[in-house]
Amino acid sequence: MLTNLLPNIKVEDFIEATYETFYMTIIALVGTFIIGLLLGLLLFLTQKGGIWQNKLLNLVIATVVNVFRAIPFIILILLLFPFTNFLIGTIRGPNAALPALIIGAAPFYGRLVEIALREVDKGVVEAAKAMGAKTSTIIFKVLLPESMPALISGITVTAIALIGYTAMAGAIGAGGLGSYAYYSGFQRRDFDVVLICSIIIVCIVFLFQFIGDYVSRKLDKR
Amino acid sequence: MISIQGLSKVFTSNKSNTAAVDNLTLSIDQGDIFGVIGYSGAGKSTFVRLLNRLEEPTSGRITMNDKEITTLNKRELRLVRQDIGMVFQHFNLLWSRTVADNIAFPLEIAGIPKAERDNRVKTLIELVGLTGKETSYPAQLSGGQKQRVGIARALANKPKVLLCDEATSALDPETTNAILDLLVNINKNLGLTIILITHEMQVIRKICNQVAVMENGKIVEQGNVLDVFLHPKQTVTKKFVKQIMGSDEEDSDISHVMNRYQNGKLIRLHFVGETTNDALISQIIKKYGVDISILQGKITQTQAGAYGTLFIQMDGNEKDMNKAISFVREETSVELEVIHDAN
């Protein structure tokens, strides 16, 4: 009966596509987390009244972040083709999508990190200073632990955006569920494929949201 | 010993310069509990933050235990800060750490090995009376308990100086008293100097032996707590003294009582020191066989003894009464004034 309703579904292809989507999302998420954290910390620390107050550096980083956030993702991928080709050696497949995914998502996460760090009680940072803490101690033992629930909810939101990005990247040849839905589904007028791809993507989104909410709640001792 | 010379902090905004602390000179003895009182905006909070350079002074010098704080470079300043404990109005605990880990934080900063850290934390938790709360998070504690953690944390590196920035202002009166008792204990047992900022005269009365009154960035009056209570010179000081003693007018207005007590002598006793502990009134009654009624008064306890005024009516044999009066005048530190003599 299932084959009657969904005549064009090949289970192996779906597993392959789902794997590729997970692969791209998770690797890109790790890269985004690290680069976004760096960007967010720099934005926060160099702001007016910050520990490394530096107007110029702050302006430069803020501009880079804003520019990359302003470029629509699908155009960003095209813009990055030469860079990707140089870095990965190809412009097709899941690996080729990674640079664009990270460059597209990291500035977004960087802003979320900055917001999270601003929410840290200034009094606590001051208390650490009064105890004679070094800047590195303040970053790793005060700022990051105290903003952890917000950093986790931020990466959850970013992960969901990234899943969307992988589908877009898929449409121009990156592989994964987006690619499968577009080439094997839409272009062949096999809409059952599009439908199943959508359902799987929604499930992946729900999964990430659930994990993110759970971890964030567990860490929050306020 | 802390000595402060010509300390100023000027905040510059768009057009105007505001001197939050204005050319302040002061010295604080080792082991003192030194109170700084003033209304909001008097500059007292800025003052205490200048002492460990959380605010950079605009000019002036601060010397603490023969170390000049104002000339230290960043690295030296960090080391000196480990020797200066600080307690905050809003506790400023890390919510992500347990009570024990919060107290261990300054020890981690100072690079104390784990085993020693654990020992020290245990001692501190006992000292501030938080046994059993080691693994609680700050969110699970009451305000008073949070401040106990704050105090334990401030004491972790065995500082010689403890700065308290409105440490009790966020607490209810009962908790305030408990925290103040704890501070007095610490001062006595560990012999450390406490500098305490407050807007409540109760706090000064209860634990300080020296007080400075701040207004507009300047210290307008300073000295022994009892002296300042007794002879407040500035208007602002008088207002603060009024907070706990009631107004002078109110106290000395006894005309309504005078009509009721037609016999004997109406006497005003002014207590300045510890004599209240000597059961003065009952001594007079027993020794001289006079009758005494207490009419009105207010006595309060400071770290240096009792302070306050008492109106009494004394009745009996004229000779005995005169003897009693000269006894009070000559043998005790209580000031006596005969307001009305019916005879």
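A:I26 has its place in helix α2 (residues 11-46) of chain A, where helices (H or I, at least four residues) and strands (E, at least two) are DSSP runs numbered from the N terminus. With a relative accessible area of 42%, A:I26 is partly exposed; buried means under 20% relative accessible area, exposed over 50%, and partly exposed in between, with a 1.4 Å probe and protein chains only. Together with A:V30, A:I34, A:I35 and A:L38, A:I26 forms a nonpolar patch on the surface, with about 440 Å² of accessible area in total. Patches are made of residues with over 30% relative accessible area and no salt bridge, like charges being joined within 9 Å and nonpolar side chains (Val, Leu, Ile, Met, Phe, Trp, Tyr) within 5 Å, and the areas come from the Shrake-Rupley method with a 1.4 Å probe, for residues with only the protein chains shown counting as cover.

This is a predicted model, in which local features need pLDDT of at least 70 and side-chain atom pairs count only at pLDDT 80 or more, while totals for chains, interfaces and linings use all residues. Residues are numbered from 1 along each chain as its sequence is written, chains are lettered from A and ligands numbered from 1 in the order in which they are written, and side-chain values use heavy atoms, with hydrogens and water left out.

Elsewhere in chain A, A:S216 sits in helix α10 (residues 191-219) and is buried, with a relative accessible area of 11%. Leaving aside neighbours within four places in sequence, A:S216 is in contact (heavy atoms within 4.5 Å) with A:P149, A:I152 and A:S153.

Turning to chain B, what is the order of the strands in its open sheet of 6 strands? The order is β6-β7-β8-β3-β9-β10, with mixed pairing, two strands being counted as paired if DSSP finds at least two bridges between them. β6 (84-87) and β10 (218-224) of chain B stand at the edges with a single partner strand each, so one side of each has no neighbour in the sheet. Neighbouring strands of this sheet are turned by 15° against each other on average, direction ignored; axes are lines fitted to C-alpha atoms, for helices over the stretch in contact, and angles run from 0 to 180 degrees between N-to-C directions. Within the sheet, strand β3 (residues 33-37) and strand β9 (residues 210-215) of chain B run parallel and are joined by 4 bridges, with B:I37 standing opposite B:V213 in β9(B). Helix α5 (residues 143-155) of chain B packs on this sheet, touching β6 and β7 (161-165) of chain B, and its direction makes about 170° with that of β6(B).

A further open sheet of chain B has 4 strands in the order β2-β1-β4-β5, with antiparallel pairing, and its edge strands are β2 (17-28) and β5 (67-68), each of which pairs on one side only. Strand β1 (residues 2-12) of chain B pairs with β2(B) over 8 bridges in the antiparallel sense, and B:V10 stands opposite B:A19 in β2(B). Across β1, β2 and β4 (59-64) of chain B lies α1(B), running at about 120° to β1(B).

Strand β13 (residues 305-315) of chain B is mostly covered, with 10 of its 11 residues buried. It is joined antiparallel to strand β11 (residues 265-273) of chain B by 9 bridges and to strand β12 (residues 291-302) of chain B by 11 bridges, again antiparallel. β12(B) and β13(B) form a hairpin with 2 residues between them.

The side chains also link the two chains. A:E126 is partly exposed at 22% relative accessible area, whereas B:R49 counts as buried at 15%. B:E108 forms a salt bridge with A:K141 (2.7 Å, N to O); B:E108 lies in helix α3 (residues 99-109) of chain B and A:K141 in helix α8 (residues 135-174) of chain A, so this pair joins two chains.

Key: Salt bridge = Lys/Arg side-chain N within 4 Å of Asp/Glu carboxyl O.
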